[in-house]
Amino acid sequence: MKTAVFSARRYDKTMLAQANDGVGHALLFIEERLSVETARQAAGCVAVCVFVNDTVDAGVLDILARQGTRLVATRSTGYNHIDAAAARRLGIEIVRVTDYSPNSVAEFAVGLLLAVNRKIARASVRTREGNFDLDGLMGFDLHGKTVGVIGTGKIGLIFARIMAGFGCTLVGHDLYPTPAFEALGGRYASVDELLACSDVVSLHCPLLDTTHHIVDAAALARVKRGCVLINTSRGGLVDTDAVVTALKTGQLGGLAIDVYEQEASLFFQDLSSTVILDDVIQRLVSFPNVIVTGHQAFFTVEAIGQIMRTTIDSISAFERGEPLVNRIPG
Ligand code: NAI
């Protein structure tokens, strides 16, 4: 099936082509993001494959539908970048990748926590310059600390399991509590209680209208002073301006984020030779107790391989008129 693949980086091309080996879909790789301006490049493509910062709103879907697109396959779990209601109206099916190494994201969240708490990135920069001083590098033991997990689904649960291995006390919050979290010794609590008692808070719930800015100024006022916040889920869960204020006052002791609400204009590209116009991200990266990565938590050989295989399988199932197991709910 003729498929336009937007936001196609080198690794997308290599690994999607590998997954397509012997299957034979006609893949048209487009490096630009999908937008009203670029949608025309997908003319004649029944399937369009996108990533998290592509624009898949009603306007773009309307252009795609008129050009003959009937399937949009996102190479991600989250689908908050897609106007699902508009797609339904236009008769376009949306599929995503529900199952791809949740370990990749959970392990990265742990990595971020260790890096920000133990100042690993700072230490590495120092030693490269011949500075072996320890001043400013003191962290705290994770053993015995309380870790709050908001969203105990696939990723949150693995993160919780790893933190249990560190000897942490687990407090969770989820609309659908799972016995698997309690089996780890975790207990469920309200968001307010979780924020008040946790030394570390890690976000693993999806971005929905109900979770937008779940960490806002009011929530930050309730966190245990000096709490470390980890966000590998979606940038929109956090009010970044409020976080900057909380970092300035010391209410937040540290922040490590792999996602950022305004990431669409920044991430997945090399901007090192340009003047970055986003003052908030520039302020954030200037803090000694902040680590920002560019949405790479999913980026492992295992996860990308699975994402590409699932995407090709979904396109094949659609072509054969079979049920779409990864169709987004609703
Ligand atoms: P999942 O669907 O297995 O788990 C999400 C959990 O959040 C569910 O248990 C759900 O009940 C819960 N939840 C929903 N609304 C909530 C609320 N208001 N408060 C608390 N919990 C709530 O999803 P999974 O696979 O664990 O992924 C979680 C998120 O991680 C995704 O939505 C996505 O945004 C993000 N993600 C980030 C990646 C990255 O590279 N940084 C890669 C993959 C996913």
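**Entry 1: a helix on the sheet**

I began with helix α10, residues 240–249, which lies across β10, β11 and β12. I looked up its direction against β11 and found an angle of about 140°. I note here that the model is predicted.

**Entry 2: the sheet itself**

Next I asked in what order the strands of this sheet run. The order is β8-β7-β6-β9-β10-β11-β12, which makes an open sheet of 7 strands with parallel pairing. I then looked for the edge strands, and they are β8 (187–188) and β12 (290–292). Each of these two pairs on one side only.

I took one pair for a more detailed look. Strand β11, residues 252–257, is joined to β12 by 3 bridges, in the parallel sense. Within β12, Val290 is the residue that stands opposite Leu255. I reminded myself that strands of a sheet pair through backbone hydrogen bonds, either parallel or antiparallel.

**Entry 3: the nonpolar cores**

I turned to the buried side chains. In soluble globular proteins, nonpolar side chains tend to be buried together. The largest nonpolar core here has 47 residues. I listed those with the most contacts inside this core: Val147, Phe159, Met163, Ile230 and Phe298.

Which elements each supply at least two residues of this core? I found α1 (10–20), α4 (102–117), β6 (146–150), α6 (154–165), β10 (227–231) and α12 (301–319). The largest share, 9 residues, comes from α4.

I picked Met163 and left aside its neighbours within four places in sequence. Met163 is then in contact with Val110, Leu113, Leu142, Val147, Cys168 and Leu170.

I found a second, separate core, this one of 29 residues. Among its members are Ala189, Val223, Val243 and Ile257.

**Entry 4: cysteines**

How many disulfides does the structure hold? The count is 0.

Cys45 is in no disulfide, and the nearest cysteine sulfur, that of Cys49, is 11 Å away. The relative accessibility of Cys45 is 0%, so Cys45 counts as buried.

For Cys205, the closest cysteine sulfur is in Cys227, at 15 Å, which is too far for a bond. The cut-off for a disulfide is 2.5 Å between the sulfur atoms. Was Cys205 buried or exposed? Cys205 has a relative accessible area of 8%, so I wrote it down as buried, the limit for that word being under 20%.

Note on methods: Residues numbered from 1 in each chain as written. Predicted model: local features only at pLDDT ≥ 70, side-chain atom pairs only at ≥ 80, totals over all residues. Heavy atoms only, no water. Core = buried A, V, L, I, M, F, W, Y, C linked by side-chain atoms within 4.5 Å. Buried < 20%, exposed > 50% of the residue type's maximum accessible area, 1.4 Å probe, protein only. Helix = DSSP H or I, 4+ residues; strand = E, 2+ residues; numbered from the N terminus. Contact = heavy atoms within 4.5 Å. Pairing = 2+ DSSP bridges. Axes fitted to C-alpha atoms, helices over the stretch in contact; angles between N-to-C directions.
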